[in-house]
Amino acid sequence: MVKKKWKELLIQALRLYTLLVTLITVLMIILGNLLDRDRVFGYDAFLSPLIYALIGTVATVITRSGKELSVRNLIIRKAVSLLLIEGAIILIALNADTIPTDKSWVVPGLALGVLAVFVLTHIILYFIDRKEAEKLNAELARYQEKQMSGSSVG
Amino acid sequence: MKLEIRKIPENEPEMVEIRYHWITDEIQEIVSFVKSRQGQLSATRDGQRFEVPVMDLFYAESVDERVFLYTASDSYEIRMKLYELEDLLKSKSFLRISKSMIVNLMKISSVRPALNGRFSAVLKNGEEMIISRKYVPELKRILKGSES
């Protein structure tokens with residue numbers, strides 16, 4: 001049971017991480033083109049989305065709890081995790097030579113970008129869950145039909 | 001309490017007989033158990049005792065260490081722990097969906113996504129309840145069993 005729980009957790013974390021890497025890469029392409037078009041990077045730049053996505057994934061630990069969280073509690077924890085991600089990314093940006101934080105639009109642009117990735121991630125995960133719910137509903141209908149007709153299940 | 005189990009000829013009906021001096025909690029629990037095996041649960045509402053058909057149950061919920069049964073329109077209190085009820089009703093399409101709730105799968109009209117990887121179950125009477133992430137794999141496992 002515990003092994004199953006950790007496996008489930010790992011799958012979810014990997015799913016989130018992959019999604020974040022993709023969205024952050026897209027965000028970097030958009031922000032880079034808009035704010036700092038002429039900059040040239042080395043191969044190290046490929047590491048950035050991986051690191052930022054790791055920060056984003058680790059920050060979701062806050063939204064987990066052994067207890068059953070109410071919707072209100074969950075929203076508060078989500079907001080805290082967003083603030084943590086924003087703080088961590090901006091802190092990294094301010095200390096990185098490759099990100100021109102001296103330009104006035106870079107930090108707000110980055111903060112907005114992080115928010116956009118956060119919102120987009122939740123929208124995409126919602127659609128994945130909706131697809132899963134559709135599958136569950138089809139299986140539920142089959143289960144109920146089978147139980148009604150009296151045949152044994154499971 | 002003395003326990004007697006006796007093999008009887010096939011032409012005689014099987015029965016459970018309880019001989020008592022007073023109806024104690026223990027006796028009541030045994031009666032509840034036997035009735036639940038027959039598709040009924042002994043529960044109370046406003047101090048009155050009712051036999052609630054299991055198939056009419058929508059869900060059972062534990063609140064402050066008391067367990068309540070809910071049908072489409074009524075609620076009853078049952079003198080059982082939620083985990084005991086869960087064990088009893090496992091074979092009757094009931095499933096634990098959160099720490100304090102078990103639901104009748106036959107009374108779910110649909111499942112939809114809720115926040116943070118959780119799902120919510122919309123019941124046939126319109127009520128909606130959260131299925132904790134912890135119990136989603138078990139729900140999937142049971143429903144998948146009906147695919148073949």
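**Figure 1. A salt bridge links Lys140(B) to Glu132(A).** In this predicted model, the pairing joins chain B to chain A, and the closest N and O atoms of the two residues sit 2.2 Å apart. How many salt bridges are counted between chain A and chain B? The count is one.

**Figure 2. Three helices of chain A face chain B.** Here we look at the side of chain A that touches chain B. The elements giving two or more residues to it are α1 (2-35), α3 (71-95) and α4 (106-148) of chain A. Which of these gives the largest share? That would be α4(A), with 16 residues. Sorted by class, this side of chain A holds eleven nonpolar, seven polar and eleven charged residues.

**Figure 3. Chain A and chain B bury about 2,700 Å² between them.** Of that area, 57% lies on carbon and sulfur atoms. Counted by residue, 29 from chain A are in contact with 28 from chain B.

**Figure 4. Gln144(A) meets a group of chain B residues.** Gln144(A) belongs to helix α4 of chain A. Is Gln144(A) buried or exposed? It counts as buried, because its relative accessible area is 12%, under the 20% cut-off. Setting aside neighbours within four places in sequence, Gln144(A) is in contact with Leu105(B), Met106(B), Lys107(B), Ile108(B) and Lys124(B).

**Figure 5. Glu86(B) and its contacts inside chain B.** This view moves to helix α2 of chain B, residues 82-89, where Glu86(B) has its place. What does Glu86(B) touch, once neighbours within four places in sequence are left aside? Its contacts are Arg96(B) and Ile102(B). Glu86(B) and Ile102(B) are 16 residues apart along the chain, and their C-alpha atoms are separated by 6.8 Å.

**Figure 6. Confidence scores for the prediction.** The model as a whole scores ipTM 0.74 and pTM 0.70. For chain B, pLDDT averages 88, and 98% of the residues score at least 70.

Definitions and conventions: Residues are numbered from 1 along each chain as its sequence is written. Chains are lettered from A and ligands numbered from 1 in the order in which they are written. This is a predicted model: local features need pLDDT of at least 70, side-chain atom pairs count only at pLDDT 80 or more; totals for chains, interfaces and linings use all residues. Side-chain values use heavy atoms; hydrogens and water are left out. Contact means heavy atoms within 4.5 Å. Buried area is the accessible area (1.4 Å probe) that two parts lose on being put together, summed over both. A salt bridge is a side-chain nitrogen of Lys or Arg within 4 Å of a carboxyl oxygen of Asp or Glu. Helices (H or I, at least four residues) and strands (E, at least two) are DSSP runs, numbered from the N terminus. Ala, Val, Leu, Ile, Met, Phe, Trp, Tyr, Cys and Pro count as nonpolar, Asp, Glu, Lys and Arg as charged, and the others, Gly among them, as polar. pLDDT is the predictor's confidence in each residue, from 0 to 100. Buried means under 20% relative accessible area, exposed over 50%, partly exposed in between (1.4 Å probe, protein chains only).
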